[in-house]
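Please look through the structure shown here together with its sequence. The paragraphs that follow go from the chain as a whole to a pair of helices and then to individual residues.

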Amino acid sequence: MNNKAVVLDRDGTLIKYVPYLHHVKNVQLIRGVSEALRLLKNKGYKLFLHTNQSGVSREYFTLDDAKKCNNEMIRQIDLGDNLFDKICIATDLPSEENSYRKPSPRFGNEIMAKFNIDKSNLIYVGDNISDLETAKNIGCRGYGLNCGVPNLKTKLKTREDLNYPILNNLLEVAQKII
């Protein structure tokens, strides 16, 4: 169990946050993302995408719209179509029983089993409390990004149970990880 992996949030972590994003024309990479992901891949990390997309269950847009936005993001990252070993799009809200919706540990637990990853080698990265709660629920490492809306450091002031490093962007996280 020596594979290393990083599970990444999408909105506010890899691409600029747009509420209920569903038009590919609005997909815009955050600066430094391609460089950060290239660095992690070159150091042997498996990459996974875990995104909550409640707009699907709210019928604001379709699952196909969410997948098209993911594909546009991957195109802009420009590191190949198989950049992510697995992608999880959690569409339910409210969370269903045995949900993939963060902060559920289900997706993380499944990839650890399938890809032979020990929880000490799994890292969750995102700009929201739910990303860090997922890391806590799995018992793995986590990093918060202070680039989302609203400010993650402000949100975490009342959450002493989520004591994870908070950095400014994904490139800083990648450099810290390696």
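Predicted model: local features only at pLDDT ≥ 70, side-chain atom pairs only at ≥ 80, totals over all residues.

Taken along the principal axes, the C-alpha atoms fill a box of roughly 40 × 35 × 35 Å, and buried residues make up 49% of the 178 residues.

Turn next to a pair of helices. Two packed helices are described by the angle between their axes and by the distance between those axes. For helix α1, which spans residues 33-42, and helix α6, which spans residues 170-177, the angle is about 20 degrees and the axes are 8 Å apart. Because angles under 35 degrees count as roughly parallel, α1 is described as roughly parallel to α6. The crossing of α1 and α6 is left-handed. On the α1 side the contact is formed by Val33, Glu35, Ala36, Leu37, Leu39 and Leu40, and these meet Leu170, Leu171, Ala174, Gln175 and Ile177 in α6.

Another helix, α4, covers residues 129-138 and contains Ser130. Is Ser130 buried or exposed? Its relative accessible area is 14%, and since buried means under 20%, Ser130 counts as buried. When residues up to four places away in sequence are not counted, Ser130 touches Asn52, Lys102 and Pro103. Lys4, by comparison, is 126 residues from Ser130 in sequence, and the two are 22 Å apart in space, C-alpha to C-alpha.

Pro103, one of the residues that Ser130 touches, leads on to the loop between β3 and α3, where this proline is found. The peptide bond that joins Lys102 and Pro103 is cis, with omega at about 20 degrees. Pro94 also lies in the loop between β3, residues 86-90, and α3, residues 106-114, and the peptide bond from Leu93 to Pro94 is cis, with omega near 0 degrees.

Glu59, found in the loop between β2 (45-52) and α2 (63-77), has a positive phi of about 65 degrees although it is not a glycine. With a relative accessibility of 71%, Glu59 counts as exposed, because that term applies over 50%. Asn116 has its place in the loop between α3 and β4, the latter being residues 122-126, and its phi is near 60 degrees, a positive value in a residue other than glycine. The relative accessible area of Asn116 is 37%, so this residue is partly exposed.

Conventions. Residues numbered from 1 in each chain as written. Heavy atoms only, no water. Axes fitted to C-alpha atoms, helices over the stretch in contact; angles between N-to-C directions. Helix = DSSP H or I, 4+ residues; strand = E, 2+ residues; numbered from the N terminus. Parallel < 35°, antiparallel > 145°, perpendicular 65-115°, else oblique. Left-handed = near helix turned anticlockwise from the far one by under 90°. Contact = heavy atoms within 4.5 Å. Buried < 20%, exposed > 50% of the residue type's maximum accessible area, 1.4 Å probe, protein only.
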